[in-house]
Amino acid sequence: QVQLVESGGGLVQAGGSLRLSCAASESIFKVYTIAWYRQAPGKQRELAAAITGGGITNYANSVKGRFTISRDNAKNTVYLQMNSLKPEDTAVYYCAARGSFSSRALEYPYWGQGTQVTVSS
């Protein structure tokens, strides 16, 4: 059972930056795809970014050029660096783990509890 714990959310002004962290409980983490999903009030959960065990990254068009996903396998941790934040980035951000990449949230068996990101205008 892989356990995921997110941290790093908070309140930031538009144009600011935040770095989210997703720490995993298992060393097998390093071969998993880790995805960051986000869900705003009244909206569906959407994929923001993902990174495979081999380091291949995938970004939603809405965050390309502003967000960067990276992983430190020695620390069993994936990071999401978010720059030039916009009010529309406001959401609960979740990390999720799966053996290989998928863009479908339902196909990720492991989820963290989520961390709130609020961007004020």
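Predicted model: local features only at pLDDT ≥ 70, side-chain atom pairs only at ≥ 80, totals over all residues.
Stop 1: Select strands β1, β3, β8 and β7. They form an open sheet in the order β1-β3-β8-β7, and the pairing is antiparallel. Now look at the edges: β1 (4-7) and β7 (67-72) each pair on one side only. If you ignore direction, neighbouring strands here are turned by 15° against each other on average.

Stop 2: Keep β1 and β3 on screen. How many bridges join β1 and β3? Four bridges hold this pairing, which runs in the antiparallel sense. For one of the partners, click Ser-7: its bridge partner in β3 is Ser-21.

**Stop 3: Thr-77.** Next, select Thr-77, which sits in strand β8 (residues 77-82). Is Thr-77 buried or exposed? Its relative accessible area is 9%, and buried means under 20%, so Thr-77 is buried. Show what is around it: leaving aside neighbours within four places in sequence, Thr-77 is in contact with several residues, including Ser-21, Phe-29 and Asp-72. Then zoom in on the side chain of Thr-77, where a polar atom lies 2.8 Å from the backbone oxygen of Lys-75.

**Stop 4: Glu-26.** Finally, jump to Glu-26, in the loop between β3 (18-24) and β4 (33-39). Glu-26 counts as partly exposed, at 33% relative accessibility. Not counting residues up to four places away in sequence, Glu-26 touches Asn-76, along with Gln-1 and Val-2.

Definitions and conventions: Residues numbered from 1 in each chain as written. Heavy atoms only, no water. Helix = DSSP H or I, 4+ residues; strand = E, 2+ residues; numbered from the N terminus. Buried < 20%, exposed > 50% of the residue type's maximum accessible area, 1.4 Å probe, protein only. Polar contact = N/O pair within 3.5 Å; in protein donor to acceptor, adjacent residues only side chain to side chain. Contact = heavy atoms within 4.5 Å. Pairing = 2+ DSSP bridges. Axes fitted to C-alpha atoms, helices over the stretch in contact; angles between N-to-C directions.
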